[in-house]
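Biologist: Could you put the model up, so that we can go through a few spots together?
Modeller: Here it comes.

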Amino acid sequence: MAQSNALRRFPANAPQSRTSTGYVILHFDGRDARYHSLAAPASAQTAPAQTIWRLLDYIAVDYPEAVADGKIASASEYAEMQEFSATASKLIGELPVSSARGGLQGQATNLQRIIAAKAPPQAVATAARGLAADLIKTYPVPLAPTSAPDVARGKALYAQHCANCHGASGQGDGPQARGLNPPPIAFADKERASERSIFALYQVIEQGLDGTSMVSFAELPAQDRWALAFYAGSFAYPASGAANGKALWDADADLRKRLDLEKLVGTTPATFAAEVGDDKAQQLMAYLRHHPEATVTAAATGTLALARTRLDEALAAYGRGDSKAATDLALSAYLDGFEPVEAVLSARDNALMIRIEGAMGDLRAAIAKGEPVQAVKDRVATLDGLFADAETALAPSEASATSSFLAAFTILAREGLEALLIVVAMIAFLSKADRRDMLPYVHGGWVAALVAGAATWAAATWIIEISGASRELTEGFGGVFAALVLLWVGIWMHGKSNADAWQRYIREKLSRALNRRSAWFLFLLAFVVVYREVFETILFYAAIWGQGNGGAVVAGAFTAILLLAVIAFVMMRYSRTLPIGKFFAYSSSLIAVLAVVLIGKGSAALQEAGYLPVTPWTGFPRVELLGIYPTRETVIAQLVMTALLVLGFFWNQRTANKLGEIAA
């Protein structure tokens, strides 16, 4: 029997078991070279549509071994083609009722007919792949990984599970290949590899292959199976050709828009070669199969096309006099089109990100004010030019280990500092007040926030897609809540900056004030301020991780954590040596500043979500670190917060003076 699409097979005398469809299942554990039997075939554990798809892919790849020039080249392979096509047809008839099932059965019958007629391989491959594509449309199965696979991880998995049979270089010459008849498939065989998609490899890795020696590796996590599939699929396309492929990829914006991760996974190199030419396809496969993360970045730039479409629709609606629709579409252009790439763009070119964000706010404000259509059209044209600059900045060629390191470091250091300052101030206060029994609530709050952040990351990766509106609302309401709490805390701490006032408070109220209810309040405050920053950091990291420089991202994060740890140590150490009056004076000032910063950031996030109007103040500075944005609403919010703090501090000083006069 000729080589099949299986990853490996057993000798003819290996132990066997039989499936309900009559296949002989040969079971082999390549890790210890022992034969064993399984209770059920791999396909019994998977969706019927996946089993059918796998059989059709097998036919498309292996049919040339069975028939050549209208004659049977291998009787055993030809019998297998007939059996597999008949089984696929039978299983299609057993699928859940659907309006498209009849058409699928008709295609399956036609496939059986042309195999019986010994049709040319290309005709059979086209029929089998066409049926497989229509099958997946009607009975969907996961077609692509949730994120770009780690090919380095795939290399390690291959060495552990596959190299003994398939060989370290994918030549089918591993130490356990001797005696296998036929020998294990050679992944480096370019002719066969051209007909095999990454999805096909993934399917076989996940399910095994009935009638062959390939057992299921379903016990591996899905992302590991995808990584293994990419690595196995890269042998026929050496990394030495990746440089030319990268140049082609970077230079062709249209190609980057068309070939996303799902298409890369599902497209065979032969099909791709028919679209772009054989030489170009070979070079691009050499690059993309070794660097699938490049398609993730390309997909990110593709969302800018959606932003352009929404802006054109907004302009058309505005021209018709429908201001509400224009406002909604302009907001969608930001939340659905630009916001998904904001994190990556901020890491690559923060100044450009700020210009685009400001220009989109100006556009929404112009629509709200009823500016002339031509003025709105000019603003849309300006944004179109900025999007072109963004596409250049987001090109894969701009991703480097240095930029990923700096992005990871800057994001975590910036987002973590605000939360750190608040939490450390709370811990220092409780230590000064000799109420260490309350510290578990504060620590519980920030630890719970980290756990919730990890859950958010998991949900965003595998379960749901966090929309731009959800992100902005979380940041907005979280920032406003924290700012209002800090307003009260800052004024309260300032009132205790007088040592005598603090001593009176200790004697009269502290034991009653810090009760269980206030302890849970401390827990909530620690949770909110930390989760808000963790939430944003996770979304930024998810974006830059897809650029492929995982080691640099981890290094940047670790460096930022070290910096934050040093800051926390210095603050705690210094706070212990401060007199109580100065401690409260400095802490209240710090918390007051953070309250102003957070009210500004929270208000800006609510503007971006469409919950607050946007009135630009041209020429007003933008300082994100301080929560300062050039809009009337955010500036007024910060001015109101500042005024309340000043009034609170003034009232505290006045009260302290009166108490001093009475004591005198």
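**Helix pairs, cysteines and a phenylalanine**

Modeller: To begin with helix H1 (residues 48–66) and helix H2 (residues 75–93), their axes come within 9 Å and cross at roughly 155°. Please keep in mind that this is a predicted model.

Biologist: How do H1 and H2 run, roughly parallel or roughly antiparallel?
Modeller: Angles over 145 degrees count as roughly antiparallel, so H1 is roughly antiparallel to H2. The crossing of these two helices, H1 and H2, is left-handed.

Biologist: Which residues of H1 and H2 meet there?
Modeller: On the H1 side they include Ile 52, Leu 55, Leu 56, Ile 59 and Tyr 63, and on the H2 side Tyr 78, Met 81, Phe 84, Leu 91 and Ile 92 are among them. By class, the contact of H1 with H2 has 13 nonpolar, 3 polar and 4 charged residues.

Biologist: And what about H17 and H18, at what angle do their axes cross?
Modeller: Helix H17 (residues 350–369) and helix H18 (residues 373–393) cross at roughly 160°, with axes that come within 10 Å, and the two helices are therefore roughly antiparallel to each other. The crossing of H17 and H18 is left-handed.

Biologist: Which residues make the contact of H17 and H18?
Modeller: H17 contributes residues including Leu 352, Arg 355, Ile 356, Met 360 and Asp 362, while among those from H18 are Val 376, Arg 379, Leu 383, Phe 387 and Asp 389. The residues of the contact of H17 with H18 divide into 14 nonpolar, no polar and 4 charged.

Biologist: Changing topic, how many disulfides does the structure hold?
Modeller: The structure holds 0 disulfides. For Cys 162, the nearest cysteine sulfur is that of Cys 165, 8.5 Å away, whereas a disulfide needs the two sulfur atoms within 2.5 Å.

Biologist: Are Cys 162 and Cys 165 buried or exposed?
Modeller: Cys 162 counts as buried because its relative accessibility is 6%, and Cys 165, at 2% relative accessibility, counts as buried too; the cut-off for buried is under 20%.

Biologist: One more, where is Phe 569 found, and is Phe 569 buried or exposed?
Modeller: Phe 569 is found in helix H24 (residues 550–577), and this residue counts as exposed because its relative accessibility is 52%, with the cut-off for exposed being over 50%.

Biologist: What separates the C-alpha atoms of Phe 569 and Val 424?
Modeller: The C-alpha atoms of Phe 569 and Val 424 are separated by 9.3 Å, although the two residues are 145 residues apart along the chain.

Terms used. Residues numbered from 1 in each chain as written. Predicted model: local features only at pLDDT ≥ 70, side-chain atom pairs only at ≥ 80, totals over all residues. Heavy atoms only, no water. Buried < 20%, exposed > 50% of the residue type's maximum accessible area, 1.4 Å probe, protein only. Axes fitted to C-alpha atoms, helices over the stretch in contact; angles between N-to-C directions. Helix = DSSP H or I, 4+ residues; strand = E, 2+ residues; numbered from the N terminus. Parallel < 35°, antiparallel > 145°, perpendicular 65-115°, else oblique. Left-handed = near helix turned anticlockwise from the far one by under 90°. Contact = heavy atoms within 4.5 Å. Nonpolar A, V, L, I, M, F, W, Y, C, P; charged D, E, K, R; others polar.
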